[in-house]
Amino acid sequence: MIDTLISAIENRQEIKFTYSGSPRIAQPAAVGESSKGSLVLRCYQTKGEHVTPGQEWDLCSISDIEELEITTDTFLVDPPDYKRGDRNLRRIYAQL
């Protein structure tokens with residue numbers, strides 16, 4: 001799954017997945033290890049049940065991501081308020 005997420009980040013492709021029982025579509029921004037050592041994805045959600053205005057950013061535990069797919073939709077511009085070097089990741093494998 002890590003390789004799929006890294007590929008999506010490198011190619012700026014949106015991803016589709018289920019998380020906490022909710023289908024989501026998101027722009028992946030970074031993938032790496034959290035401060036506690038678990039693998040996580042920082043993403044900006046564009047569609048899905050969880051999207052609330054002002055709360056589009058999420059840090060998802062990769063072990064809880066299901067049905068991950070890379071879509072054919074791409075994004076050229078970084079998601080709003082994106083900053084490289086996510087402070088919540090102690091090790092970053094890939095980032096925009």
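Colleague: In which element does Ala8 lie, and is Ala8 buried or exposed?

Modeller: Please note that this is a predicted model. Ala8 has a relative accessible area of 0%, and the limit for a buried residue is under 20%. Ala8 is therefore buried, and the element in which it lies is helix H1.

Colleague: Which elements give two or more residues to the largest nonpolar core, and which gives the most?

Modeller: The largest nonpolar core has 21 residues, and those touching the most other members include Leu5, Ile15 and Phe17. Two or more residues come from each of helix H1 (2–10), strand S1 (13–19), strand S2 (22–34), strand S3 (39–48) and strand S5 (65–74). The element that gives the most, with five residues, is H1.

Colleague: Which residues are in contact with Leu41, leaving aside its neighbours within four places in sequence?

Modeller: Leu41 is among the core residues that touch the most other members. In general, nonpolar side chains tend to be buried together in soluble globular proteins. Leaving aside neighbours within four places in sequence, the contacts of Leu41 are Leu5, Ile15, Pro28, Ala30, Asp58, Leu59, Cys60, Ile62 and Ile65.

Colleague: How many bridges join S1 to S5, and how many join S1 to S2?

Modeller: S1 is mostly covered, with six of its seven residues buried. S1 runs antiparallel to S5, and Lys16 stands opposite Glu69 in S5. S1 also runs antiparallel to S2, where the bridge partner of Thr18 is Pro23. The number of bridges joining S1 to S5 is five, and the number joining S1 to S2 is five.

Colleague: Is Ala26 buried or exposed, and which residues does Ala26 touch, not counting those up to four places away in sequence?

Modeller: Ala26 lies in strand S2. Because its relative accessibility is 0%, Ala26 counts as buried. Not counting residues up to four places away in sequence, Ala26 touches Glu14, Ile15, Phe17, Cys43, Tyr44, Gln45 and Thr46.

Colleague: What phi does Arg12 have, and where does Arg12 lie?

Modeller: Most residues other than glycine have a negative phi. Arg12, which is not a glycine, has a positive phi of about 55°. At 21% relative accessibility, Arg12 counts as partly exposed, and its place is the loop between H1 and S1.

Colleague: Which residue in the hairpin of S1 and S2 takes a positive phi?

Modeller: This hairpin has two residues between the strands. The residue with a positive phi, near 55°, is Ser20.

Colleague: How much space lies in the largest pocket, and is Asp81 in its lining buried or exposed?

Modeller: The lining includes Arg42, Trp57, Asp81 and Tyr82, and its residues divide into two nonpolar, two polar and six charged. Asp81 lies in the loop between S5 and strand S6 (89–95) and has a positive phi of about 65°. With a relative accessible area of 67%, Asp81 is exposed. The space in the largest pocket is about 230 Å³.

Notes
Residues are numbered from 1 along each chain as its sequence is written. This is a predicted model: local features need pLDDT of at least 70, side-chain atom pairs count only at pLDDT 80 or more; totals for chains, interfaces and linings use all residues. Side-chain values use heavy atoms; hydrogens and water are left out. A nonpolar core is a set of buried Ala, Val, Leu, Ile, Met, Phe, Trp, Tyr and Cys residues joined through side-chain atoms within 4.5 Å. Buried means under 20% relative accessible area, exposed over 50%, partly exposed in between (1.4 Å probe, protein chains only). Helices (H or I, at least four residues) and strands (E, at least two) are DSSP runs, numbered from the N terminus. Contact means heavy atoms within 4.5 Å. On a 1 Å grid over the protein atoms alone, a cavity is a set of points where a 1.4 Å probe fits but cannot get out, and a pocket is an open set with protein on both sides within 12 Å along at least five of seven lines; lining residues have an atom within 4 Å of a point. Grid points are joined across faces, edges and corners, and a volume is the space filled by probe spheres set on the points. Ala, Val, Leu, Ile, Met, Phe, Trp, Tyr, Cys and Pro count as nonpolar, Asp, Glu, Lys and Arg as charged, and the others, Gly among them, as polar. Two strands pair if DSSP finds at least two bridges between them.
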